[in-house]
Amino acid sequence: MVEQIENDNELSSDSIKAIAESVGVKDLNSDCTAYLAKQALLQARTLLRDALKYKLMTHSVELTTDHLDRANKRPVPIYVSGAQKPRKYVMATSRGREIYGAQDEEIDLDAVISAPPPKVPQDVQVKVHWLTIEGSTPTIPDNPPMDEDTLVIDAPTISLDTTETINSVAPHEISREQQLYFRELTTKCITTDKTIRDEAVQSLSTDPGLAAVLPRLTVFIIEGIRVGLGESKMYYIQYMLEMLDNMIQNKAIRLEKFLHDIIPAVISCMVCTQICARPLELDHWTVRGNAARILSALVRAHNMGTNQIQSRVTRMLHHALDKHNSSLVSYFGVLAGLCELGPLTINSIVLPEIRSIYRRWS
């Protein structure tokens, strides 16, 4: 548990111990330092979030220390950009009264007159040159040099049969070796050979080299789910969910930056009206249950007090549960997702809606 907390936070236990020793606190155990690191990260994120709200409300261009002071709700500013000299006050008498005023700094005019004049600023110069010509960067001194070991390629092409391809619009830069690794991995993960596919999918839960191709792999899974739902090809949806399930178990990668794309795709697998061509013959209920289990694993792994993923997902599913024009399979997916979120969600949302759902479908 301590190692997991240390990996999820920027502050380590050694940093907390060093800070505690600097203020005279010694002999902190590992559980105490892990808890302090977690709380410090939570407070820092909350402070920055409130400061950004003040920045937006005041229509400021940059985040300043004044926004942090207001977010901290302290009458005396504690975040200052630099040390300032204390102002000096002098006493003056006027008609028998003592008046205090700020002492102005005296400027030596001789020093100002004898000082050399400042340099004349240079005129603005603009030079026009080509950044790219037909997709390639010309090799001129004005452009940055290109690394020969890297290659910019298009996003993955998902092929379901010999006549259909789906291209994404999110290219990014990977090396040639990583490009070959990505192609080999995705090809094995969607092959019909179960032995090869199981080995490739299992490697997703342990391989630390996925971090470099993680954006492209995430696009591959999302596009695969979209194509599987559009063409009612349930086997392809199963392949994508298996890949995502093993990626969640991999401790070397982080999926926080891709949750806004992954969670809607998984929820679509749960509530889509038709995910297979023959719903009366194929077991699509198991696929919906697996999608609900994967959604619960994503929420448990990445839910924090600042992002509130669990409350947002619960609110979304509860809203879908109130719709009267949904199909029975959609209700099953919503109920499966809510039940996987834990007993508190079941007691507060599912059980109060059982009677209305029964009356609606009876």
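Q: Ala, Val, Leu, Ile, Met, Phe, Trp, Tyr, Cys and Pro count as nonpolar, Asp, Glu, Lys and Arg as charged, and the others, Gly among them, as polar; how do the residues of the lining of the second largest pocket divide?
A: This is a predicted model, where local features need pLDDT of at least 70, side-chain atom pairs count only at pLDDT 80 or more, and totals for chains, interfaces and linings use all residues. Residues are numbered from 1 along each chain as its sequence is written, and side-chain values use heavy atoms, without hydrogens and water. A pocket is an open set of points on a 1 Å grid over the protein atoms alone, where a 1.4 Å probe fits, with protein on both sides within 12 Å along at least five of seven lines; lining residues have an atom within 4 Å of a point. The lining here consists of 13 residues, dividing into eight nonpolar, three polar and two charged.

Q: Which helix (a DSSP run of H or I, at least four residues) gives the largest share of that lining?
A: H10 and H12 each supply at least two residues of the lining of the second largest pocket. The largest share, seven residues, comes from H10.

Q: How far apart are the end C-alpha atoms of helix H11?
A: Helix H11 has 19 residues, 284–302.

How values were computed: The expected span of a helix is 1.5 Å times one less than its number of residues. Ala, Val, Leu, Ile, Met, Phe, Trp, Tyr, Cys and Pro count as nonpolar, Asp, Glu, Lys and Arg as charged, and the others, Gly among them, as polar.
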